[in-house]
Amino acid sequence: MNNTSPEPLAQAGALTVGAGVCVAESQSGFQRIRILGHDVDMVTPDEVLDWIQFRARGRQRAILANHNLHSLYLIDRDEAMARFYDMADLVQIDSMPMIRFAKLCGKPVGPQHRSTYLDWRGRFWDMTQRYGLRVFYLGGEPGVATGAIRMMEMAYPDLSFSGRDGFFDVTREGEENQSVLSTIRRFAPDILMVGMGMPRQEAWIAENYRDLPPCVVMPVGAAFDYEVGVQKAAPRWMGEWGIEWLYRLCHDPKRLASRYLYEPWFLIGPALKDLLRR
């Protein structure tokens, strides 16, 4: 990875043409396309990591978001989610089914543009330790946050890492929320990872972003549940094949049936019918 800026940024809003499709430039300089009515950036995992370290080392305010079919379903139904994505500086594609659907629609996107924490977590933590970046994790149950701190202390002894659980009253002016913000400000992270589940984590970031210290803020869902073994991650080849959702569904069908069976059809079904009519 480069230890300086990513490629020089193109002017925001400029238009380029690839594979016969007009593609906008995002504010971060990457090509931006629309999938199922919403914007995503065509970035590779290496580009995401370069983007994170450049902004974190420069103490810049930035939001790294990600889109999958679940977030696309929620964004039109949750005002706070929509506000969060409007604020985001970079939006990864965290879904092979999304990529396959976009290719079917003629978008210039491929498997190399899938970017998710579970695929680049090892490189991410090596990077944070190498550059001395301070990381704060907010989320999970109390045991998850505590276990994550112990695990990071053992695996990355030179890493400055702290955190706390995500079980608190998130009312913006409430005592608990203000205490959480004070704790984060005292630690002064370069990177803040928020893992409180979708859409709660996105809503919290959107509501509290202006009160956070300058850092890269990224929602990470159940990332540390996987790290400490509360949940078992799917084999990474399943992610590459686009069937990671099936592994999760089989392990937690009651909670995930609607997310993985109803929501995708609700989103993609009408669009597929339009494609077949052409």
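**Ground rules.** I number residues from 1 along each chain as its sequence is written, and I use heavy atoms for side-chain values, leaving out hydrogens and water. The model is predicted, so local features need pLDDT of at least 70, side-chain atom pairs count only at pLDDT 80 or more, and totals for chains, interfaces and linings use all residues.

**Ring pairs.** I looked up the aromatic pairs and found 11. Rings of Phe, Tyr and Trp (its six-membered ring) pair if their centres lie within 6.5 Å; planes under 30 degrees apart are stacked, over 60 edge-to-face, the rest tilted. I then turned to Trp125 and Tyr156, a tilted pair at 6.3 Å centre to centre, with 35° between the planes. Trp125 is in helix α5 (residues 117-130), while Tyr156 is in the loop between α6 (142-155) and β8 (160-164), 31 residues apart. Helices (H or I, at least four residues) and strands (E, at least two) are DSSP runs, numbered from the N terminus.

I also checked Trp125 against Phe224: that pair is edge-to-face, 6.1 Å centre to centre and 70° between the planes. Phe224 lies in helix α9 (residues 223-227), so this pair ties together parts 99 residues apart in sequence.

**Burial.** Buried means under 20% relative accessible area (1.4 Å probe, protein chains only). Trp125 is buried at 2%, Tyr156 at 14% and Phe224 at 0%.

**Cluster.** I noted one aromatic cluster whose members include Trp125, Tyr156, Phe224 and Trp120.

**Charge over ring.** The charged end of Arg77 sits over the ring of Tyr73, 3.9 Å from its centre. The test is NZ of Lys or CZ of Arg within 6 Å of the ring centre and within 35 degrees of the ring normal.

Definitions and conventions: Buried means under 20% relative accessible area, exposed over 50%, partly exposed in between (1.4 Å probe, protein chains only).
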